[in-house]
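The sequence and structure are shown first.

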Amino acid sequence: MIVRNHTITTKKSGSAWILLEPNKKYIRELNETAGFIWSLLKKPTTPDAIVKKMCQEYDAPRSEVIEDITRFLKEYKKLGLIEEIH
């Protein structure tokens, strides 16, 4: 299971999402697709559940979505924006 890092402050502005990280002097803005994924991470979820919802939302092939989600989750975990829970 994965979830947003609870120390990140999140704000939605129109279709964009703004992330405020503690002790950082900048904000991070997410595009619509990344914001959709971010919204799914509010509650603990699985990568497979995210893939299913992305396929439904964007009418995209599962094979393409899996690659994108895997890359997104790997990068955001590396940045400390999301965390795994057991």
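A residue is called buried under 20% relative accessible area, exposed over 50%, and partly exposed in between (1.4 Å probe, protein chains only). By that rule, Ser-63, Glu-67, Arg-71, Lys-74 and Lys-78 of helix 3 are exposed. Helices (H or I, at least four residues) and strands (E, at least two) are DSSP runs numbered from the N terminus.

This is a predicted model, in which local features need pLDDT of at least 70, side-chain atom pairs count only at pLDDT 80 or more, and totals for chains, interfaces and linings use all residues. Residues are numbered from 1 along each chain as its sequence is written, and side-chain values use heavy atoms, with hydrogens and water left out. The protein chain averages a pLDDT (the predictor's confidence in each residue, from 0 to 100) of 93, and 100% of the residues score at least 70. Mean confidence is lowest in strand 2 (residues 9-13), at 90, and highest in strand 1, at 97.

Helix 3 covers residues 62-78 and has 17 residues. From first C-alpha to last, helix 3 reaches 24 Å, close to the 24 Å expected at 1.5 Å a residue; the expected span is 1.5 Å times one less than the number of residues. Val-65, Ile-69, Phe-72, Leu-73 and Tyr-76 are its buried residues. Seen down the helix axis, these fall within an arc of 95°, so they line one face of helix 3. The arc is that of the directions from the helix axis to the C-beta atoms. Just after helix 3, Gly-80 has a positive phi of about 80°.

The buried residues of helix 3 pack against the elements below, where contact means heavy atoms within 4.5 Å.

| Element | Residues |
|---|---|
| Strand 1 | 2-4 |
| Strand 3 | 16-20 |
| Strand 4 | 27-30 |
| Helix 1 | 32-40 |
| Helix 2 | 47-58 |
| Strand 5 | 82-84 |

Leaving aside neighbours within four places in sequence, Leu-73 is in contact with Ile-2, Leu-41, Pro-47, Ile-50 and Ile-82. Leu-73 is also among the residues with the most contacts inside the largest nonpolar core, which has 22 residues. Such a core is a set of buried Ala, Val, Leu, Ile, Met, Phe, Trp, Tyr and Cys residues joined through side-chain atoms within 4.5 Å.

Arg-28 lies in strand 4. Residues that Arg-28 touches, not counting those up to four places away in sequence, include Trp-17, Tyr-76 and Leu-81.
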